[in-house]
There are 2 protein chains.
Amino acid sequence: MKSITLDDIQAMEKLVRVQFASSLPGVKPVCLVGTENEDGLSNLAPFSSVVHLGSNPALLGMVTRPDTVERHTLSNIIQSGHYTLNHLHRGILEQGHQCSARYPHGVSEFEATGLTEAREGPFVFVAESRFRMGLKLVDRLPIEANGTQLIIGAVQLVQVAEAALSENGSIDLPGLGLISSTALDTYFESVEMARLPYAKPKEM
Amino acid sequence: MKSITLDDIQAMEKLVRVQFASSLPGVKPVCLVGTENEDGLSNLAPFSSVVHLGSNPALLGMVTRPDTVERHTLSNIIQSGHYTLNHLHRGILEQGHQCSARYPHGVSEFEATGLTEAREGPFVFVAESRFRMGLKLVDRLPIEANGTQLIIGAVQLVQVAEAALSENGSIDLPGLGLISSTALDTYFESVEMARLPYAKPKEM
């Protein structure tokens with residue numbers, strides 16, 4: 001095992017440190033966040049910081065930084081109060097990744113990448129996604145330690161390929177071809193390896 | 001595509017809703033969080049809500065609920081100010097899962113599951129993990145929407161199998177056999193499918 005200390009991390013070149021630090025959580029989910037601005041112009045940006053906050057109500061969090069391509073996403077969420085999360089699959093991976101490019105103001109990532117808008121009420125979904133959800137902004141928590149924010153949304157609507165949803169509430173993520181990522185350059189498919197029963201204390 | 005509305009979600013039986021809602025983020029990383037209480041008794045609990053908050057300093061967040069087995073973890077983190085995240089691999093998956101059982105006060109999950117403590121300064125690591133990190137508590141943000149908390153930690157020390165770390169800072173997560181999960185009962189291995197260059201605007 002190699003030990004990397006705090007001093008080692010701080011001595012890393014910036015891009016090396018970003019690559020390293022963003023790999024620490026492991027294999028992360030990645031979604032395209034869909035929004036629209038006050039003129040109705042749509043926006044898509046990949047986020048790999050989506051986290052489950054609770055089930056009743058169903059709440060999801062994600063972390064945003066104001067100084068990146070995510071700035072349009074954040075201002076749109078604040079203005080409209082709504083956003084969507086659209087999971088990727090192999091067929092739209094390259095278009096999804098391309099949404100991380102810094103397009104000029106006035107250009108929609110849908111138009112730039114060829115992904116298709118599917119609008120439903122206040123929500124701008126990616127039509128090609130097989131698993132997507134619409135959320136209402138509930139709260140924004142400033143993270144003082146580094147100036148980021150935790151965006152908290154309540155799930156209002158979920159759309160998923162019908163065959164993937166089981167009666168027990170579980171969703172067949174590998175069957176949907178869902179993609180996960182690390183460091184926003186490397187993408188993975190998942191292979192189910194085990195389903196384990198609810199754990200109870202036992203003699204080992 | 002099947003649409004599931006807010007009313008549908010609220011009408012679900014509790015366990016169905018938990019299964020459903022915790023699947024929404026997609027394939028999530030899962031770690032064992034290692035802590036000790038003021039008597040030095042160690043504790044391990046699986047968390048699948050670890051998220052990258054920033055790279056400089058390297059900050060990770062995780063969401064904790066006070067009403068579950070995680071309550072020991074939370075009180076230990078508050079008391080000691082330190083904790084570890086230990087990634088799982090196939091060889092320790094069942095022991096890791098078993099750490100979610102509600103052991104009585106006074107029983108260490110290390111002892112109960114046969115995992116081995118590796119102590120280093122204030123950190124209680126899982127010796128069998130191939131990728132683990134020690135963190136210092138930086139902040140706790142109450143999430144008023146549902147009474148959970150975001151625990152924010154600064155990475156102090158990372159230990160990783162030497163062959164998995166590249167000079168560019170990337171970490172070979174599939175090579176480490178890292179496991180991800182959904183709904184805390186289904187576990188996945190990851191297969192790398194693409195590594196894409198930094199995206200720039202282009203004609204499509």
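This is a predicted model: local features need pLDDT of at least 70, side-chain atom pairs count only at pLDDT 80 or more; totals for chains, interfaces and linings use all residues.
Residues are numbered from 1 along each chain as its sequence is written, while chains are lettered from A and ligands numbered from 1 in the order in which they are written. Local features need pLDDT of at least 70, side-chain atom pairs count only at pLDDT 80 or more, and totals for chains, interfaces and linings use all residues, with side-chain values taken from heavy atoms and hydrogens and water left out.

**View 1. A six-stranded open sheet runs through strands of chains A and B.** Reading across, the order is β2(A)-β12(A)-β13(A)-β13(B)-β12(B)-β2(B), and the pairing is antiparallel. At the edges stand β2 (28-29) of chain A and β2 (28-29) of chain B; each has a single partner strand, so one side of each is left without a neighbour in the sheet. Strands here are DSSP runs (E, at least two residues), as helices are (H or I, at least four), numbered from the N terminus. Two strands pair if DSSP finds at least two bridges between them.

**View 2. Here we zoom in on β2(A) and its pairing with β12 (residues 179-182) of chain A.** Two bridges link this antiparallel pair. A:Lys28 has A:Ser181 in β12(A) as its bridge partner.

**View 3. Chain B laid on chain A gives an RMSD of 0.0 Å.** It takes a turn of 180° and a shift of 0.0 Å along the axis, and the two copies are thus related as by a two-fold rotation axis. The same surface serves both copies, with 100% of the contact residues of chain B recurring in chain A.

**View 4. Phe123 and Phe125 of chain A pair up, with an arginine on one ring.** Over all chains, the count is two aromatic pairs (ring centres of Phe, Tyr or Trp, its six-membered ring, within 6.5 Å; planes under 30 degrees apart are stacked, over 60 edge-to-face, the rest tilted). A:Phe123 and A:Phe125 are tilted, at 5.8 Å centre to centre and 45° between the planes. In chain B, the rings of B:Phe123 and B:Phe125 also have centres 5.8 Å apart and planes at 45°.

A:Phe123 is buried at 6% relative accessible area, and A:Phe125 is buried at 0%; buried means under 20%, exposed over 50%, partly exposed in between (1.4 Å probe, protein chains only). B:Phe123 and B:Phe125 are buried as well. The charged end of A:Arg132 sits over the ring of A:Phe125, 5.5 Å from its centre (CZ of Arg or NZ of Lys within 6 Å of the ring centre and within 35 degrees of the ring normal). B:Arg132 lies over the face of B:Phe125, at 5.5 Å from the ring centre.

Key:
Copies are superposed by least squares on the C-alpha atoms of residues with pLDDT of at least 70 in both. Contact means heavy atoms within 4.5 Å.
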